[in-house]
Amino acid sequence: MSSKANLVERRIIFGLLFIVVTMPLIFPIGWKTEVSPHVQMAYDLVENSPQGSIAIISFDYDPSTATELQPMAYAMIEHAFSKNQKIIAVALWPQGAQMADEAFGQILAKFPDKSYGTDYVNLGYKTGGMVTIQAMGRDIKSVFPADVKGTSIQDIAMLKTFNNLKNAAYIVSLSAGDPGIKQWIMAGHDMFGVSVTGGTTAVSAPGFLPYINQQNQLYGLLGGLKAAAEYEALINVIGSATVKMDAQSVAHILIIILVVIGNIKAYKIRRKKALAAQGD
Amino acid sequence: MKRTLPMILTFLVGMIVILSEFIPHFPFSKINSTLESWYLIISGFAMLLGLISLVRVNSSKVASKEENWQYYLAGLISLFTMVIFGLLWGMQETAGLLGHGESIQNWLGKKPFDYLFDNAYLHLSATMFSLLAFFIASAAYRAFIIRSFESNLLMISAIIVILGRTSFGTMLTSWLPQRLYFLQMSYMTDFIMKYPNTAAQRAIMISAALGIFGSSLRIIIGIERSYLGSDK
Amino acid sequence: MVQFMQILGIWIGAFLTFSIFSFLYKDNPFYKLAEQVFVGLSAGYWLIYIIYYVIMPNLVSKLIEDFSANAILIIPALLGLMMLLRLIPKAQWVSRFPLAVVIGTSAGISLMRYMQSDLLNQVSATMINPLAAESLPDIIGSFLLIIGTICGIYFFYFSRKKEGIYALPSKAGIWFLMISFGASFGYTVMARVSLLIGRLEFILKDWLHLIN
Amino acid sequence: MKYMILFIVLFACIFPLQASSAFQAIDNAWDDGTALILKWELPGDSLRIAISQIDESGIATLIHESLDLSSEFKVTELEPNKDYRFSLTTYALSSGDSLIYQTMGKPTQQWFYMHKLALLLLFLLIAIAVLYNIYVARRGKELFIRRINGLDSMEEAIGRATEKGKPILFVPGIGDLDDIQTIASLTILSHLAHRAAEYNSEVIVPCRFSMVLSAAREVVKEAYLRAGKPDSYRENNIFYMTDDQFGYVAGIDGIMLREQPAANFFLGTFYAESLILAETGFSTGAIQTSGTANAHQLPFFVVSCDYTLIGEELFAASAYLSRDPQQLGSLKGHDFGKALFIVLIIIGVVLEMFGIGFLRQFLSIG
């Protein structure tokens with residue numbers, strides 16, 4: 001095999017990969033993925049909470065992990081809105097408040113009738129992790145006297161009867177590390193008895209699986225992009241996670257096909273050599 | 001003298017570092033972190049050497065009009081632009097010699113240094129990194145060939161894991177009855193990662209640590225000393 | 001103006017992105033330009049970064065704020081200056097002193113650190129009771145873990161000819177290494193494809209506005 | 001002065017209480033003086049125990065809550081040789097009163113970390129084995145060392161470069177000089193440069209860090225001197241590129257494409273860039289040798305390079321190449337370590353099977 005042929009082969013592989021990854025991004029396939037039980041659990045928690053109830057979504061990450069966690073935020077906000085639930089956004093990470101704003105902005109395009117203050121509110125970032133959550137469990141208004149825009153919490157319609165964590169139907173923590181989902185489990189669930197679910201990056205997900213147990217310390221978990229795509233499948237949306245997952249799957253399949261072709265080629269070369277040797 | 005004294009110095013420093021690992025009492029408790037922070041300062045000074053080397057190599061190529069000299073000139077210009085911008089108006093929250101350059105910021109949206117960082121450097125870095133996607137495909141195509149028993153093991157475990165990580169792979173084996181759960185792609189992926197993979201990684205880590213032990217000891221007692229140059 | 005500069009920035013980014021990608025086809029002027037610009041920009045970036053975030057806070061401001069408490073920092077500063085003597089051919093040998101300190105430190109610290117984390121902790125982590133695992137596959141897996149670790153270590157054994165009975169564990173060690181290499185390779189594919197997706201998102205979304 | 005008086009008054013108040021053994025603060029033994037152990041043993045009818053740390057101005061901060069009547073709690077992150085005051089509040093059922101105990105303690109530094117005993121013993125054992133073998137080798141005993149393929153290739157690589165009249169590319173990894181892999185890589189460079197000098201081949205060494213640049217120049221210069229060809233040494237062949245990981249890689253890729261080196265060596269610490277380098281090198285048709293102890297990058301080197309030094313082989317390389325008996329002797333020391341750990345693992349597993357966890361606990365250092 002001449003090196004020139006090798007070079008051409010390489011270029012074909014590179015070109016194929018480029019096309020194969022680009023296409024699903026522009027023209028989403030929307031492959032239905034099989035839903036894993038932990039994602040189903042998280043979905044059920046939102047699905048079975050009553051209309052008009054209030055949920056807390058905690059944005060405990062920053063742009064560096066947004067690729068994996070932001071699609072989860074989209075999907076879970078959309079699900080809650082479609083069930084007519086209201087959302088309080090908080091953040092244990094400084095840049096979480098921006099992530100929340102971005103996520104609401106994205107979803108509002110689909111729900112033009114939802115309005116700030118009656119259907120959702122962004123309370124912003126508070127330092128302190130565990131201690132802050134404990135304080136929220138007693139009196140949320142002392143922790144967040146005003147929302148992220150500076151509006152006094154007394155003037156926000158949907159918070160009139162919302163005094164502490166126990167009033168929340170469930171808590172979602174989208175968490176890239178500490179403080180994050182672990183603190184919400186330990187304070188939100190273990191101390192105040194609110195159901196906690198959430199999402200993490202694929203890498204850190206295995207560490208939280210032990211919390212999904214008989215006591216339901218953690219009510220399901222989304223781990224990484226794949227889980228976000230599964231959640232999108234459950235709410236019948238072809239969102240950014242599904243699209244990216246499509247691109248992933250196609251790329252993986254292409255690589256497998258390449259390996260098969262490579263083997264066929266190697267087999268042919270070997271047979272040719274063997275035949276030539278016999279001929280000698 | 002030019003070689004013996006530094007050798008003795010290496011020995012002393014090495015021994016003190018090892019000793020202080022076991023001694024919680026002051027001053028030993030602080031030695032290792034102090035030496036590590038010193039490293040930052042020493043290498044900070046040395047940075048200048050690298051820069052001079054870069055400028056020297058590139059400018060000699062430009063001066064002698066070597067092949068491709070235009071690009072080396074572009075490299076030099078980029079380097080000096082970045083350094084001058086950084087020195088004059090600083091980066092992010094840090095002010096430079098001329099302060100924060102508010103008027104430029106009004107016009108550019110951010111500091112010139114940060115503008116170049118965000119719009120050139122970050123894209124260059126991310127794109128270079130993303131080349132890996134292409135190379136991992138071409139490497140797989142070439143390497144995962146049925147040849148010997150060993151290379152088959154490599155290929156089979158790679159394919160199981162590649163498939164097991166996507167929804168497609170899970171689908172392939174989802175028809176299997178619950179009884180045969182251990183044959184499912186995702187289970188096999190986890191199994192390989194958890195047991196044989198961990199075993200091999202551990203073996204590499206343990207023996208490499210012994211290699212590091214031997215190497216470090218040879219350096220400390222002065223058997224290995226090529227980095228100190230010659231006596232002349 | 002700010003908006004124009006923002007858009008210009010995106011175009012610069014897109015141009016450089018394609019210039020790097022063009023290297024996949026073959027070496028060409030665009031890649032050569034992008035490569036040298038990258039080297040120059042990044043070298044400049046790190047120089048400025050080290051001045052502002054290493055030398056200033058760790059040395060200069062400490063000495064200015066409280067000289068007597070931080071007088072010991074004179075030592076690394078002197079060692080740093082000795083490094084710079086490399087620029088004078090006659091005095092180059094002086095830089096061997098800072099090099100000796102640095103290498104002695106690295107050797108000592110690596111020795112202890114690797115011994116602790118990669119040697120003792122990995123060895124003790126392998127001391128498990130395989131029969132205590134929950135299911136049959138896990139019990140088999142635990143045995144594989146122990147056997148694989150031992151054979152793997154033996155593979156690296158230098159001072160014995162690997163013949164006859166001694167060849168077997170070494171062979172098994174290679175098998176485990178191969179399985180592990182394949183698995184690590186496969187496990188990385190997803191992360192690497194994500195990088196490409198990230199780049200394509202920039203091109204299709206921020207630059208071309210083809211997707212949202 | 002004000003604080004002094006306050007302190008004395010307070011101290012007088014609590015002194016009688018401190019005498020009782022119900023609540024004590026004891027120095028945590030064999031440590032760096034940053035921890036105290038609080039011990040308490042209370043009468044049977046106590047409920048809910050709360051322990052607070054009291055600062056100089058008398059403000060108490062809750063640090064621990066417990067339901068156990070007699071137990072202990074370790075307070076960490078304290079400063080050595082400083083007095084600390086603690087109070088314990090409990091509610092006694094029988095009298096219906098809250099009881100408050102106070103105590104003081106001073107964490108002190110010792111001269112040995114007891115929990116590192118296993119580390120010390122094994123360190124001494126292996127170090128003695130290495131030194132003993134070096135000693136034996138010095139006295140002229142022949143030592144057998146198995147072949148390391150990746151290193152035998154060096155001659156082939158240099159030969160190819162000489163034949164083609166093309167340079168050799170040596171990449172010492174992306175680690176700085178505080179990384180032992182970089183130092184190991186430079187010792188291999190020393191041998192390579194020496195051989196290359198003998199054959200009059202050029203060696204190009206791009207460096208990511210200035211410290212590595214300085215050391216690499218010393219190494220190569222010394223090698224040329226050793227080979228008796230100090231005039232052939234060209235300083236500008238060993239150059240700095242950029243501190244940036246991918247900028248460095250972009251530059252090396254450019255060198256591979258334009259200089260078309262006949263042989264590439266990638267030895268040292270490598271992360272994600274391993275595959276970019278190895279694949280680009282492969283496409284130029286160079287004979288490639290790689291080596292790293294970063295286990296996660298080994299697969300990429302293995303599939304794209306002709307020879308790969310796996311983990312320990314990188315550190316054994318300079319000894320192997322030098323054929324210096326002292327260095328070879330030290331490899332025997334590594335082997336002693338391997339045998340020791342294999343035996344320890346087997347014993348440990350057997351003990352675990354019988355439910356004895358002593359050895360594992362002794363060896364695991366937090």
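User: What is a salt bridge, and how many does the structure hold over all chains?
Analyst: A salt bridge is a side-chain nitrogen of Lys or Arg within 4 Å of a carboxyl oxygen of Asp or Glu. This is a predicted model, where local features need pLDDT of at least 70, side-chain atom pairs count only at pLDDT 80 or more, and totals for chains, interfaces and linings use all residues. Residues are numbered from 1 along each chain as its sequence is written, chains are lettered from A and ligands numbered from 1 in the order in which they are written, and side-chain values use heavy atoms, with hydrogens and water left out. Over all chains, the number of salt bridges is 26.

User: Nice! Which residue forms a salt bridge with C:Asp27?
Analyst: Helices (H or I, at least four residues) and strands (E, at least two) are DSSP runs, numbered from the N terminus. C:Asp27 sits in the loop between α1 (2-21) and α2 (29-65) of chain C, while its partner is in helix α6 (residues 245-259) of chain D, so the pair joins two chains. The closest N and O atoms are 2.9 Å apart, and the partner is D:Arg258.

User: Is D:Arg258 buried, partly exposed or exposed?
Analyst: Buried means under 20% relative accessible area, exposed over 50%, and partly exposed in between (1.4 Å probe, protein chains only). D:Arg258 has 23% relative accessibility, so the residue counts as partly exposed.

User: How many residues apart are D:Lys39 and D:Glu72?
Analyst: These two residues form a salt bridge, with the closest N and O atoms 3.9 Å apart. D:Lys39 belongs to strand β2 (residues 36-41) of chain D and D:Glu72 to strand β5 (residues 70-75) of chain D, so the pair links distant parts of the chain. D:Lys39 is partly exposed at 35%, and D:Glu72 is partly exposed at 45%.

User: Which strands are the edge strands of the open sheet in chain D?
Analyst: Two strands pair if DSSP finds at least two bridges between them. The sheet has four strands in the order β4-β3-β6-β7, with antiparallel pairing. Each edge strand pairs on one side only, and in chain D these are β4 (60-66) and β7 (97-105).

User: Which residue in β7(D) is the bridge partner of D:Leu88?
Analyst: Strand β6 (residues 84-92) of chain D pairs with β7(D) in the antiparallel sense, over nine bridges. In β7(D), the bridge partner of D:Leu88 is D:Tyr101.
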